[in-house]
Amino acid sequence: MSTTEKHITLPEGSIEKTTTKINLGPTHPATHGVFQNILELDGEKIVSAEQTIGYVHRAIEKIAERRPLYQITPLTDRLNYCSSPINNMGWHLTCEKLLGVQTPKRVDYLRVIIMELARIADHLICNSIVGVDAGAYTGFLYLMQYRELIYEIWEQVCGARLTTNIGRIGGFERNFNNIAWEKLDKFLAEYPKALKEFENLFVRNRIFMERTIGAGPISAERALNYGFTGPNLRAAGVDYDVRVHTPYCSYQDFEFNVPTGTTGDCYDRFLVREEEMWESLKIIEQAYRKVQEFKGAEAEVFHADVPEYYLPEKKDVYTKMEALIYHFKIIMGEVDMPPGEVYHAVEGANGELGFYLISDGGRSPYRMHIRRPCFIYYQAYEELVKGSMLSDAIIVMSSLNLIAGEMDG
Amino acid sequence: MALSNEYIKQKLQATFGEDVYGFEEPYGMLTFETKPELNLKLMRFLFDEPALGFQFLTDLTAVHYPAYQGRELAVVYHLHNLVENCRIRFKVFVPIVKPDVFSATKIFEAANWLEREAYDFYGVNFVGHPNLIRIQNVDEMDYFPLRKEYPLEDQTRIDKDDEMFGRGGTFDFGNRHPDGSPMTIPAAEKAE
């Protein structure tokens, strides 16, 4: 077209302005097969969004009303399956609070190691998936071997990798063995270098910054009103952390920082998770040192001495009469809980994970409710993506770290 | 000054008098009850009053107590003052035939989905909620599945002893058959 030619301008109103509705998910790869987003688009711009969930709802709360405490344990692993030990510990800590069980220090430190490994595993997945959704697959591939290593540590402690079922009321089923410690050594030696490399790949990467800075921001005030917790709240600038505010498992014995962001956008959420992994490494190292300080009989302690609640070890069940009796009584749910109601929160990898338990003195909870952080985040999704581009919708979703199993409960 | 349970209790009683009652402290958390028509007023007071500042809704859920005549459904709120790091819990009880509770969505955005969930599972009607539809279950469902009248196992089975498999507590909130007999099988009637 030569410069002398004029552009044709259509009269106002001659083309009707329309919006398009599309379903982003539930079969889109980034929506895990279970989140449906009905997006109203004007061109590529999102005008409104409607989220629907419930595709994997399993009625865990209802099932729990018919089960003794130990039979609820496997259900909790299936909530946030990226960091199942934290869910698991959260449940057992709630039971311990209700039953009045005190755990020895060594058990607390071992739990801290497991929970912080779980936090790293969760953040590692989340951050590398944010990379994948921005088009960078490399980081995901590089870090995956370290998640594998964490799984191997869990495998040594409990025999399972994903749905670990790692905890018991009062402690663990078995002690950490030498292979677990060796693998933890390996992890502590190698992971910082890999994490540094991962950071080099993303943090100052022009494309990644363009994709994430300013995408899905939320102010501290709105985040609080929405009930945000965990990294997503901290990215908005509020330094609330359950581990610091209401310490459980002797978290008060450790020194660590609570990283915060400022704008609450995808980039800040990424950085906060990145920083948290460094802090978790610090905590694990401290806990490791503390565990090694125990000498003699104390160095073998891995559960509280509460035979009426603690599920005995298998080798004892096969060889000792008392252990067999207790095993039977606990598994059949013959041990009554005291009546009462209790709410206990732990800092899940994703935010405050709370268990609200009402007991009527029977063998299973009268009512069990789980405060799932993902469920709370996802309702803010419309506000986060409104007015942004379609491509941002994906990255906002992954940076919120939505886990379907936890959301649907 | 750290916010103590005693102080919160005094503050509430000074403002609401007899309308807040049933104070308890299970496991250290202040728990109390209020009238269903006052839930919003109370929440607004807890939110706005500078000395209290409960501006974070941690959790909202419902519980069904079939034996509590006229107050079968409980809506339980967990609030948190993040600055003082103090948590409280309060409940309102409503009759199952008219389970109307004012919606807290005007105060907390977080209440939106939590109330939809409580509606979905227990049928609590949150008056003023912008979009009170089912969230986890299918839209066509015409009952509220977490209520106690929908037990997980067939309750007519007598080959299974309820006491051995889950339910059957010593303090059963009065959950009994219409004739007053307990829902658990008495020891004398158990099969050999």
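**Exercise 1. The interface of domain 1 and domain 2 of chain A**

Find how many residue pairs are in polar contact across the interface of domain 1 of chain A and domain 2 of chain A.

*Solution.*
Step 1. A polar contact is a pair of N or O atoms within 3.5 Å; within protein, one must be able to donate a hydrogen and the other to accept it, and residues adjacent in sequence count only if both atoms are side-chain atoms. By this rule, six residue pairs are found across the interface of the two domains, both residues at pLDDT 80 or more.

Step 2. This is a predicted model, in which local features need pLDDT of at least 70 and side-chain atom pairs count only at pLDDT 80 or more, while totals for chains, interfaces and linings use all residues. Residues are numbered from 1 along each chain as its sequence is written, chains are lettered from A and ligands numbered from 1 in the order in which they are written, and side-chain values use heavy atoms, with hydrogens and water left out.

Step 3. Locate the two parts: domain 1 spans 3-52 and domain 2 spans 60-408 of chain A, with bounds from an automatic or database domain assignment. Contact (heavy atoms within 4.5 Å) involves 19 residues of domain 1 and 18 residues of domain 2.

Step 4. Take the buried area, meaning the accessible area (1.4 Å probe) that two parts lose on being put together, summed over both. Between the two domains of chain A this is about 1,500 Å², with 69% from carbon and sulfur atoms. In domain 1, Phe35(A), Ile46(A) and Gln51(A) lose the most area to domain 2, together 37% of what that side buries.

**Exercise 2. Chain A against chain B**

Find how many salt bridges there are between chain A and chain B, and describe the contact.

*Solution.*
Step 1. A salt bridge is a side-chain nitrogen of Lys or Arg within 4 Å of a carboxyl oxygen of Asp or Glu. The count between chain A and chain B is six.

Step 2. One salt bridge joins Glu341(A) and Lys91(B), with the closest N and O atoms 2.7 Å apart.

Step 3. Another pair is Lys148(B) and Glu65(A), at 3.0 Å from N to O. Lys148(B) is in the segment after strand S7 (125-127) of chain B, and Glu65(A) is in the loop between H1 and helix H2 (69-77) of chain A. Helices (H or I, at least four residues) and strands (E, at least two) are DSSP runs, numbered from the N terminus.

Step 4. Classify Glu65(A): buried means under 20% relative accessible area, exposed over 50%, partly exposed in between (1.4 Å probe, protein chains only). Glu65(A) counts as buried because its relative accessibility is 5%.

Step 5. The contact takes 50 residues from chain A and 57 from chain B. The two chains bury about 4,700 Å² between them, 52% of it on carbon and sulfur atoms. Lys62(A), Arg66(A) and Tyr366(A) supply 19% of the area that chain A buries against chain B, more than any other three residues.

**Exercise 3. Salt bridges within a chain**

Which parts of chain A are linked by the pair Glu383(A) and Arg222(A)?

*Solution.*
Step 1. Glu383(A) and Arg222(A) form a salt bridge whose closest N and O atoms are 2.7 Å apart.

Step 2. Glu383(A) is in helix H15 (residues 381-385) and Arg222(A) in helix H8 of chain A, 161 residues apart.

Step 3. Glu383(A) is partly exposed, at 33% relative accessible area, and Arg222(A) is also partly exposed, at 28%.
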